[in-house]
Amino acid sequence: MKNLELAQIFYQISEFLEMKEDGFRSRAYNKVARVLESMEKDIEEIYQLGGLKLLEEIPGVGKNIALRIEEYLKTGKISEHQKLKKESPVDLEELTKVEGLGPRKIKILYKKLNIRNIKDLEKAAQKGKIGELEGFGDKSQKNILQAIEFAKADQGRMLLGQILPTVREIISNLEKLKEVEKVSLAGSVRRMKETVGDIDILAISSKPEKVMEFFVKMPEVVKIWAQGSTKSSVRFKKGFDCDLRVIKKESFGAALQYFTGSKDHNIATRRLAIKKGLKLNEYGVFKKEKRIAGKNEKEVYQSIGLSYIEPELRTNTGEIEAALNGELPQIIQYNDILGETQCHSDWSDGRNPIRKMAQEAKKLGYQYILITDHAGFLKIAHALDEKRLCKQIEEIDRINQKLSGIKVLKGAEVDIMMDGSLSIKDSVLEKLDLVVAAVHSGFKMNKEDMTQRLIKAIENKNVSIIAHPTGRIIQKREAYSFNYEEVFQAAKKNKTALEINAHYVRLDLKDTDIRQAIESGVKLTIGTDAHNSNELSLMEFGIAQARRGWAEKKDILNTRNLKDFLKYFE
DNA sequence: GCCGTTTTCGGCCCGACTGTTTTCAGTCG
């Protein structure tokens, strides 16, 4: 898929145009780059399907940009981009990573000091040349040197699951301050996006200076980017940035709405406000000078004609239209789950015994837990063979006799072989309550073969759930290639559920797949893939993913009680 | 360069913070 490559080029064109002070054209390219980045459909497929005409139906794409896309697909280059690069041969991708450097300053640095990349920049700063430039000073020079260090160490976006515990700690520290009346998470963490660039936190306080002083002096802070009375921004030791904004009570809802984003969602809500003759900013919704809403998010949305939109839905992918028409889904709640559907015990590669896993599940308020130790060929995960699987079945029967308030279900995670057959024979699988099947090998198979492989597994009478159906690992491994619609149809027909794997490195299915699966009539389960009892709490991330995929309670099978859950698979 | 229930021309989201300036441009989100 070339969407991301193309987006990168359009971002660069946008920045080159900004250097030339062509702001509006710059913004046009910037918008298209963002659209491309978040677009699910393959741009090449769109072009092959309907040529320039269909390209122009993409928001932000007009005649000219459609032509540029065509040029890229045909030649791998865009002549406009080449021309701009020739005019200013600077490594924009590298230089814009330095905090505080944008296109205009990069232009000055290039024109005056012939700085083309980070190396040049560092040399010039060390020699003290930058401080001598007009518009720059000693402070700028020092900041640039420090920002270079951070840019070098930058690891890009982090996984939500890696960052959320720290974020909650920061929030809890702020909540303890007597000057703070209320604290809330905002930004992409509040939207539970699977990867996070930085962290946004809001607080209500009548003594903002005190709060900011505490915030920038937290022991984990290694750099203060900015410190003001309404906004401060810092870098934490762990390598991420965090913004804190202190606001007044009456604006809290508007600020929360604004700083939760997404950016595209905000632009759309602001435009809606303008259409209604209103103004929406982080301080409220205004009719002329008069504030008509802002205290809480609900009234902000209502004042511009929308029903309340849950943070996980705020991506400007149809939620605003749905809210206008009162057609938003009743998305699943975080306490709707009644059972675990995928986890591992010390029989295979898990760390805790079955009994411990069950007790922890009970603590979480579940009615059942499906134990799915690896069974088959995954020797690296101590997979069970058929003999040990039969032994485990007997063991679970014994455990169930001793436990109350939680039912342990007999399951296994079996491998889907290259030809779509399973790694454990049917006569053994029949003895289990539910079978979870997954692809663990042969990821590079071609699309047609992989589609048939998955469908064959789905059609197996013993298979109840396909685990991590696309095989992707966030930022590490692409989903394997298959025809989603054909697989979804097979899953629907055979009443085989598809899993939303809740582990934050997978989150597979992803949000857009979930929407498509539900539209196709597929039922889903959320499973944590826990390898120890603590990881059963990862369910939160799976639920968030389901919410981001517009899933309602009825779409997720393990929101059902034990009886109804099992009934679906009969 | 894109876009349209005010418009096919004339708009394009908008406010805070910094560093440098002596009233503001650049950057960021």
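**View 1. I201 of β4 across from L244 of β7.** In this predicted model, I201 sits opposite L244 in β7. The two strands, β4 (residues 198-205) and β7, run parallel and are joined by seven bridges; strands count as paired here if DSSP finds at least two bridges between them. Strands (E, at least two residues) and helices (H or I, at least four) are DSSP runs, numbered from the N terminus. Local features need pLDDT of at least 70 and side-chain atom pairs count only at pLDDT 80 or more, while totals for chains, interfaces and linings use all residues. Residues are numbered from 1 along each chain as its sequence is written, chains are lettered from A and ligands numbered from 1 in the order in which they are written, and side-chain values use heavy atoms, with hydrogens and water left out.

**View 2. β7 and its hairpin with β6.** On the β6 side (residues 231-236), β7 has an antiparallel partner, held by five bridges, and S233 faces D243 in β7. Four residues separate the two strands of this hairpin, and G239 in the turn has a positive phi of about 105°.

**View 3. The surface around DNA strand B.** There are 44 residues around DNA strand B, and the closest are G62, G137, Q227, R270 and Y283; a residue is near if one of its heavy atoms lies within 4 Å. Elements supplying at least two residues each include α4 (63-75), α9 (138-153), α14 (263-275) and β8.

View 4. A polar backbone atom of S229 is 3.2 Å from a phosphate oxygen of DNA strand B. For K231, a backbone N or O atom comes to 2.9 Å from a phosphate oxygen. T230 uses a polar side-chain atom instead, 2.7 Å from a sugar or linking oxygen.

**View 5. The open sheet β8-β9-β10.** Three strands line up in that order with antiparallel pairing. β8 (279-281) and β10 (290-293) are the edges with a single partner strand each, so one side of each has no neighbour in the sheet. Between β9 (residues 284-287) and β10 there are three bridges, and K287 has K290 as its bridge partner in β10.

**View 6. S423 in its loop.** S423 lies between β14 (407-415) and α19 (426-429). Its side chain reaches the backbone oxygen of A375 at 3.0 Å, and a polar atom of that side chain is also 3.0 Å from the backbone nitrogen of D415. Beyond four places in sequence, its contacts (heavy atoms within 4.5 Å) include G376, F377, E386 and M417.

Technical notes. A polar contact is a pair of N or O atoms within 3.5 Å; within protein, one must be able to donate a hydrogen and the other to accept it, and residues adjacent in sequence count only if both atoms are side-chain atoms.
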